[in-house]
Amino acid sequence: MMRWKSGCRPGSLLVLPVLLVLPVLACRAESPWSASIGATTDYIFRGVSQTYDSGALQLGANYQSPLGWFAGVWASNVDPYPHAGSSAELDLYTGVTRPLGADFSTRLAYTHYTYLDDPRAARYDYDEVSLSAAYVDRLTATLSYDPDNSSYSTLGFARRRPVGALELTGRWPLRDDFALTAGAGYYDLQRLYGVSYWAGNAGLAYVHQRITIELNRFFTEGTVGRLYEDQSANGTWTLSAALRF
């Protein structure tokens with residue numbers, strides 16, 4: 001559900017199936033640089049498929065300063081118009097993370113979303129500011145604000161209007177590198193279409209050394225289907241795999 005930007009994606013919100021044989025590149029453990037490569041059967045963002053039930057290849061790179069600030073880039077293929085030409089999403093982000101005691105931390109981030117080779121006539125690039133609070137690696141709450149979001153739905157085209165989101169993600173470790181994962185979000189599209197909606201996901205993750213494999217089931221309320229029709233992720237299963245290096 002959440003796209004938590006880092007060179008070692010969670011995924012969020014979103015990680016990735018073993019559709020590819022991924023090369024392993026060695027790096028020193030103390031390096032501030034990290035990267036990831038992965039694949040997923042369907043790229044889903046906030047309850048909406050970005051690839052119309054098709055697979056996606058996703059890449060990321062991140063620099064983490066010892067002082068707490070970070071910057072990076074993340075990219076994925078997207079399919080804004082089904083069977084009419086694909087595009088590439090490129091996300092540039094920066095921010096700072098600060099500890100709040102031994103178990104808690106907070107994170108402020110800015111992300112610019114841009115679309116390359118976009119077949120759509122209008123520009124859909126937008127910016128986002130987000131504030132997160134986390135309890136170790138178990139629970140994260142994120143509040144996001146997009147001042148200039150553009151979207152096309154069954155209600156028409158809305159251009160450069162503010163939207164907001166509140167998301168909660170959790171992870172519960174099991175035995176042998178397995179963990180239960182879940183996420184839920186409330187998305188305020190009142191200034192876009194006069195509606196809001198809920199979406200969520202639940203799944204099982206396997207994390208071993210540099211490899212993450214996830215199986216997820218997504219859920220959305222009916223508003224998503226009414227707005228985006230076939231792009232609604234309600235009931236969608238995804239299998240994902242990612243390699244961090």
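Here is a quick briefing on the strands, cores and surface of this chain.

The model is predicted, so local features need pLDDT of at least 70 and side-chain atom pairs count only at pLDDT 80 or more, while totals for chains, interfaces and linings use all residues. Residues are numbered from 1 along each chain as its sequence is written, and side-chain values use heavy atoms, with hydrogens and water left out. The protein chain has two helices and 14 strands; helices (H or I, at least four residues) and strands (E, at least two) are DSSP runs, numbered from the N terminus. Of its 245 residues, 47% count as buried, where buried means under 20% relative accessible area, exposed over 50%, and partly exposed in between (1.4 Å probe, protein chains only).

**Strand pairing**

- Strands S5 (residues 69-78) and S6 (residues 87-100) run antiparallel and are joined by 10 bridges; strands count as paired if DSSP finds at least two bridges between them.
- S6 and S7 make a hairpin with three residues between them, and glycine 101 in the turn has a positive phi of about 90°.
- S7 is joined in turn to strand S8 (residues 126-135) by 10 bridges, again antiparallel, with serine 105 opposite alanine 134 in S8.

**Nonpolar cores**

- The largest nonpolar core has 13 residues, and Tyr187, Leu189, Leu192, Tyr193, Tyr197 and Tyr228 touch the most other members. A core here is a set of buried Ala, Val, Leu, Ile, Met, Phe, Trp, Tyr and Cys residues joined through side-chain atoms within 4.5 Å.
- At least two residues of this core come from each of strand S10 (156-173), strand S11 (178-189), helix H1 (190-193), strand S12 (195-208) and helix H2 (222-228).
- A second, separate core of nine residues includes Val78, Tyr113, Tyr115 and Tyr124.
- In soluble globular proteins, nonpolar side chains tend to be buried together.
- Leucine 192 is in contact (heavy atoms within 4.5 Å) with Asn149, Ser151, Ala158, Arg161 and Val163, leaving out residues up to four places away in sequence.

**Residues in loops**

- Glutamine 50 lies in the loop between strand S3 (48-49) and strand S4 (56-64), and counts as buried because its relative accessible area is 18%.
- Around glutamine 50, the contacts are Tyr43, Phe45, Val78 and Asp79, not counting residues up to four places away in sequence.
- Leucine 174 belongs to the loop between S10 and S11; with a relative accessible area of 42%, leucine 174 is partly exposed.
- Leucine 174 touches Ala179, Leu180 and Leu204, again skipping residues up to four places away in sequence.
- Tyrosine 206 is 32 residues from leucine 174 in sequence, with 9.5 Å between their C-alpha atoms.

**Surface**

- The protein chain exposes about 12100 Å², and carbon and sulfur atoms supply 62% of that; accessible areas come from the Shrake-Rupley method with a 1.4 Å probe, and for residues only the protein chains shown count as cover.
- A nonpolar surface patch is made up of Leu100, Phe104, Tyr135, Val136, Leu139 and Leu168, with about 540 Å² of accessible area together.
- Patches take residues with over 30% relative accessible area and no salt bridge, joining like charges within 9 Å and nonpolar side chains (Val, Leu, Ile, Met, Phe, Trp, Tyr) within 5 Å. A salt bridge is a side-chain nitrogen of Lys or Arg within 4 Å of a carboxyl oxygen of Asp or Glu.
- Leucine 139 is part of strand S9 (residues 139-153) and is partly exposed, at 40% relative accessibility.
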